[in-house]
2 protein chains.
Amino acid sequence: MSNDLAQLVMERCNALGAISEEEGRLTRRSLTPAMRAAHNLVSGWMRAAGMTVHEDNVGNMVGSYPADRLAARTLIIGSHLDTVRDAGKYDGVLGVLVGLAAVERLHQTDRRLPFGIEVVAFTDEEGLRFPACLGSRAMVGSFDLVALNLPDADEVTLAEAIRAFGGDPDLVAQDVRRSQDLLGYLEVHIEQGPTLERAGLPVGVVSAITGFSRTNLAFIGVAGHAGTVPMTMRHDALCAAAEFVLAVEAHARSVPGLVSTVGELSISPGARNVIPGAATLSLDLRHQDEHERLAGQADLHWRAEEIASTRGLSLRWDVAHGQAAVPMAPDLRERLAAAIVAAGHPPTELPSGAGHDAAVMAGLTDAAMLFVRCKGGVSHNPAESVTVEDVAVAIDVVGRFLDGMA
Amino acid sequence: MSNDLAQLVMERCNALGAISEEEGRLTRRSLTPAMRAAHNLVSGWMRAAGMTVHEDNVGNMVGSYPADRLAARTLIIGSHLDTVRDAGKYDGVLGVLVGLAAVERLHQTDRRLPFGIEVVAFTDEEGLRFPACLGSRAMVGSFDLVALNLPDADEVTLAEAIRAFGGDPDLVAQDVRRSQDLLGYLEVHIEQGPTLERAGLPVGVVSAITGFSRTNLAFIGVAGHAGTVPMTMRHDALCAAAEFVLAVEAHARSVPGLVSTVGELSISPGARNVIPGAATLSLDLRHQDEHERLAGQADLHWRAEEIASTRGLSLRWDVAHGQAAVPMAPDLRERLAAAIVAAGHPPTELPSGAGHDAAVMAGLTDAAMLFVRCKGGVSHNPAESVTVEDVAVAIDVVGRFLDGMA
């Protein structure tokens with residue numbers, strides 16, 4: 001039965017993948033006519049699965065499947081229907097549709113559980129139009145109302161976009177949920193990395209959403225003529241930057257679970273016959289353990305100072321932005337692992353290097369995530385790919401998880 | 001007497017430094033009204049030094065000081081009066097004025113030598129307006145007449161610019177000099193590097209104008225999410241590029257006289273949260289010895305292949321441009337060294353990492369260059385600086401060199 005539902009989920013992913021703001025590629029921003037079309041489609045499927053559907057004022061769509069009793073608490077299964085530009089079909093969408101399929105399976109046998117289930121499609125998780133995780137922040141109450149005045153790329157403010165979508169921006173604060181009404185939060189998502197594929201596993205339990213440190217740094221040396229300044233008299237900023245890039249890589253390889261990336265590098269003056277006088281870099285460092293992340297950041301700062309000093313350069317080091325790691329709830333992780341075992345697969349835990357609504361929802365209630373293997377670890381790309389077999393496992397695991405919570 | 005002449009040379013450098021096409025900074029392209037003003041000034045000084053002055057069709061200005069006999073050969077002392085954008089006062093100009101000062105010294109005592117002396121200001125050595133070393137190429141006969149149709153940045157062709165300056169582009173080929181009429185070529189120039197300054201020497205003899213190899217290369221890896229792809233599964237193009245940059249540096253440090261520079265580096269996609277998928281670099285490699293240059297180039301190509309292969313990346317390696325080293329004439333180098341010793345200074349030889357008209361003139365006649373110490377090795381910059389004392393040494397050395405040739 002999971003297999004039939006999985007096939008249905010794949011077809012629904014295809015149907016939603018055709019609803020785009022752009023010809024020839026998938027781009028679906030929140031609070032747009034394309035999103036309205038997506039909501040119409042998904043809400044129809046939700047109603048057919050025995051759910052009532054409403055939208056809150058920030059545009060989150062909530063399908064509710066009742067409990068078998070009154071005054072029950074609610075488990076939220078959420079993800080998002082908005083996409084990045086030129087997106088794949090599964091990031092976000094799969095989580096909403098697997099949640100819906102799990103409810104569908106209950107509805108097919110007319111089963112209710114001792115808790116209500118809400119399947120939520122959150123507004124603007126990707127942040128392509130407005131700040132990321134807008135919808136979950138509004139639900140948690142960590143949404144800054146000042147953001148209502150933020151314009152999108154076409155100078156339409158969030159408040160205007162909410163109004164055009166049918167919400168009332170003045171009532172956003174009324175949609176905040178109460179912790180005591182909730183049993184927990186579950187999000188199913190493609191892994192966006194190659195770990196499950198390499199391990200040969202269909203699904204895995206997320207241990208934590210990693211924290212990150214973002215730093216802008218620059219090595220300032222001395223520009224000079226590429227032909228006339230001897231090697232021993234150079235203060236080449238690119239050589240210092242290169243040493244740092246390799247130090248970052250070696251350091252991350254030596255600390256289990258640490259991923260560090262220099263994703264931006266520009267040099268000045270940037271001419272083939274001029275020794276680089278300055279090199280500007282970004283550093284992105286992530287670990288699920290706060291201690292490891294902060295220690296790693298400090299190690300690399302020291303290393304950059306050392307490189308600059310040895311080479312007679314100066315260093316600029318500006319910590320741009322950081323975010324603490326968000327561990328997933330131990331109880332829910334254990335239950336997810338048990339469901340995976342019951343479904344006949346080895347359980348595994350892995351951190352999520354990317355952010356998700358689950359990191360926001362963890363501020364309100366116990367949160368957990370189930371990752372589904374994706375081909376080549378590719379995401380944010382039309383090449384995103386998952387198999388119907390893995391989707392069937394995910395539906396099965398969520399079903400067993402729900403049974404376990406009952 | 002060298003000291004008085006050196007003072008005069010410094011004042012003349014200042015006077016020429018004030019003749020610019022741009023307000024507030026020195027930019028003097030060839031064949032412009034500013035260059036006409038510069039020629040007017042210098043030709044006046046030449047005539048006062050007993051020289052006759054003419055311009056050839058490509059705009060080279062030639063001051064001729066006669067020999068003490070008929071049918072004598074000619075020694076050319078040349079450099080250029082055109083500048084880069086936002087230039088210093090000495091690059092090029094100093095060579096013309098030191099040559100003029102040497103003639104002036106002969107003229108003051110009404111001395112003639114058994115050979116004629118021509119002081120030449122070549123057209124467009126810097127190549128800011130038209131192809132570099134245009135004037136010396138025209139004199140040598142290696143000037144491609146097709147270049148007459150090349151436009152400058154304002155769509156004025158070289159032929160039009162020559163005409164506006166008073167030359168006849170159809171007659172350029174008639175100005176080619178005959179080798180058998182020439183005794184040799186000498187060029188005085190600021191070093192544009194820090195070697196003489198570090199050695200505490202006012203002047204040095206150029207051993208060769210180094211050849212160069214220019215390569216464009218790219219490492220092609222796999223872009224990915226900075227948070228979700230574990231370190232061991234990455235094919236980070238920037239890490240490969242960094243390894244190559246350090247390999248280039250280490251290699252050049254291990255080969256005496258080799259200078260290698262990665263002056264351009266760009267990565268794609270170039271976002272702080274994305275693992276670099278491609279890195280494009282330039283490589284500039286110079287050595288005065290052709291064998292060393294070509295061996296170095298081959299070593300680094302092999303090293304780049306090795307880095308790409310070890311990291312599971314692909315490599316693109318495009319040799320963009322190369323130029324053979326031009327050794328200066330051994331006989332003239334010895335004579336210059338002897339003149340330096342006679343002037344009371346230790347002789348030293350050093351390669352020229354930058355190109356000069358001397359490299360072109362070496363195709364026609366024996367060529368030599370005398371480098372003058374410059375502050376901090378800085379050139380192509382308003383901060384270019386030489387001392388009056390070093391200029392006095394240069395004038396003295398050129399005078400003794402001329403005496404030695406007699």
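The crossing of H7(A) and H8(A) is right-handed. The model is predicted: local features need pLDDT of at least 70, side-chain atom pairs count only at pLDDT 80 or more, and totals for chains, interfaces and linings use all residues. Residues are numbered from 1 along each chain as its sequence is written, chains are lettered from A and ligands numbered from 1 in the order in which they are written, and side-chain values use heavy atoms, without hydrogens and water.

**The H7–H8 pair**

In chain A, helix H7 covers residues 237–254 and helix H8 covers residues 290–311. Helices (H or I, at least four residues) and strands (E, at least two) are DSSP runs, numbered from the N terminus. The two helices pack at about 150°, with axes 10 Å apart. Axes are lines fitted to C-alpha atoms over the stretch in contact, and angles run from 0 to 180 degrees between N-to-C directions. That angle makes H7(A) roughly antiparallel to H8(A); the cut-off is over 145 degrees.

Contact means heavy atoms within 4.5 Å. On the H7(A) side, the contact residues include A:Phe244 and A:His251. H8(A) contributes A:Leu300 and A:Arg303, among others. The contact divides into 8 nonpolar, 2 polar and 4 charged residues. Ala, Val, Leu, Ile, Met, Phe, Trp, Tyr, Cys and Pro count as nonpolar, Asp, Glu, Lys and Arg as charged, and the others, Gly among them, as polar.

Chain B has a pair of its own, and its crossing is right-handed.

| Helix pair | Angle | Axis distance |
|---|---|---|
| H7(A) and H8(A) | about 150° | 10 Å |
| H7(B) and H8(B) | about 150° | 10 Å |

**A:Asp124**

A:Asp124 sits in the loop between strand E4 (116–122) and helix H4 (134–140) of chain A. The residue is buried, at 1% relative accessible area. Buried means under 20% (1.4 Å probe, protein chains only). Leaving aside neighbours within four places in sequence, contacts of A:Asp124 include A:Ser30, A:Asp82 and A:Arg129. A:Leu81 is 43 residues away in sequence, and 8.1 Å away in space, C-alpha to C-alpha.

**Chain A overall**

Chain A has 11 helices and 16 strands. Of its 406 residues, 59% count as buried. The C-alpha trace spans about 80 × 50 × 40 Å along its principal axes. Among contacts with a separation of 6 or more, 77% join residues 24 or more positions apart.

Note on methods
Angles under 35 degrees count as roughly parallel, over 145 as roughly antiparallel, 65 to 115 as roughly perpendicular and the rest as oblique. A crossing is left-handed if the near helix is turned anticlockwise from the far one by less than a right angle, and right-handed if clockwise. Buried means under 20% relative accessible area, exposed over 50%, partly exposed in between (1.4 Å probe, protein chains only).
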